[in-house]
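Subject: Structure handover

Hello,

Please find the structure we discussed below. My notes on it come after.

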Amino acid sequence: MDLEYIVIDDKYFNVRDVLRAEFKVSSRLLSRLKSFGKVFLNGKVSSLDERVFSSDVIKVNLGFDEVSSSVVPTSMELNIVYEDDYLLILDKPAGIPVHPSMRHFDNSLSNGVRFYFDQIRIA
């Protein structure tokens, strides 16, 4: 899946500014996109600090695989708000961690999503 943005004015200084403001990309995802070479400016792989100008085209390719082999599948009820071929939106209950950790190895939202994907044969 690709995201694309055409710079129409001078309110952004660099590619990072555009991705943070227009696509709400987190710092962690920015880092992963950069390391996989998935950020493009005018058709060429770009650094996040590359200066942008009016009419520049910024494209982000979100098509890379996440390694989930360390996430233990755990059956849990998921409140699925929306789902299509590219997107799964959940209503996360308060108090449940998103990612596994030392204290929450098998009871995080990621564990439940991994179980769900295994059941529908996506992972």
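The notes below start with the model itself and then go through what was found in it.

This is a predicted model, in which local features need pLDDT of at least 70 and side-chain atom pairs count only at pLDDT 80 or more, while totals for chains, interfaces and linings use all residues. Residues are numbered from 1 along each chain as its sequence is written, and side-chain values use heavy atoms, with hydrogens and water left out.

Confidence

The predictor's confidence in each residue is given as pLDDT, from 0 to 100. For the protein chain the mean pLDDT is 86, and 93% of the residues reach 70 or more. Helices (H or I, at least four residues) and strands (E, at least two) are DSSP runs, numbered from the N terminus. In the protein chain, confidence is highest in S2, at 95, and lowest in helix H2 (residues 27-35), at a mean of 86.

Two strands count as paired if DSSP finds at least two bridges between them. Four strands make an open sheet in the order S1-S4-S2-S3, with antiparallel pairing. Strand S1 (2-6) and strand S3 (44-45) are at the edges with a single partner strand each, so one side of each has no neighbour in the sheet. Two bridges pair strand S2 (residues 39-41) with S3 in the antiparallel sense, and Phe40 stands opposite Val45 in S3.

The loops around this sheet hold several residues to look at. For accessibility, buried means under 20% relative accessible area, exposed over 50%, and partly exposed in between (1.4 Å probe, protein chains only). Most residues other than glycine have a negative phi. Asn42, in the loop between S2 and S3, has a positive phi near 55 degrees and is partly exposed, with a relative accessible area of 42%. Ser55, in the loop between S3 and strand S4 (57-61), also is not a glycine and has a positive phi of about 80 degrees. Ser55 is exposed, at 55% relative accessibility.

Asp10 sits in the loop between S1 and helix H1 (15-23) and is exposed at 64% relative accessibility. The C-alpha atoms of Asp10 and Phe53 are separated by 6.5 Å, although the two residues are 43 residues apart along the chain.

The hairpin and the surface patch

Strand S5 (80-83) and strand S6 (88-90) have a loop between them that holds Tyr86. S5 and S6 form a hairpin with four residues between them. The two strands run antiparallel and are joined by three bridges; the bridge partner of Ile80 is Leu90 in S6.

Tyr86 is exposed, with a relative accessible area of 65%. Tyr86 also belongs to a nonpolar surface patch of about 700 Å², made by Met1, Leu62, Val81, Tyr82, Tyr86, Leu87 and Ile89. Patches are made of residues with over 30% relative accessible area and no salt bridge, with like charges joined within 9 Å and nonpolar side chains (Val, Leu, Ile, Met, Phe, Trp, Tyr) within 5 Å. Accessible areas come from the Shrake-Rupley method with a 1.4 Å probe, and for residues only the protein chains shown count as cover.

Helix H3

Which residues of helix H3 (residues 109-119) are buried? They are Leu109, Ser110, Asn111, Gly112, Val113, Arg114 and Tyr116. S5 and S6 are among the elements that cover the buried residues of H3. Just after H3, Arg121 takes a positive phi of about 60 degrees.

Salt bridges

A salt bridge is a side-chain nitrogen of Lys or Arg within 4 Å of a carboxyl oxygen of Asp or Glu. The structure holds three salt bridges.

- Lys59 and Glu4: the closest N and O atoms are 3.7 Å apart. The pair links distant parts of the chain, with Lys59 in strand S4 and Glu4 in strand S1, 55 residues apart. Lys59 is partly exposed at 31%, and Glu4 is partly exposed at 47%.
- Asp49 and Arg16: the side chains meet at 2.8 Å, N to O. Asp49 lies in the loop between S3 and S4 and Arg16 in helix H1, so the pair ties together parts 33 residues apart in sequence. Arg16 is partly exposed, at 29% relative accessible area.
- Arg114 and Asp118: the side chains meet at 3.4 Å, N to O. Both residues lie in helix H3, four residues apart, about one turn of the helix. Arg114 counts as buried at 18% relative accessibility, whereas Asp118 is partly exposed at 27%.

Regards

Methods. Contact means heavy atoms within 4.5 Å.
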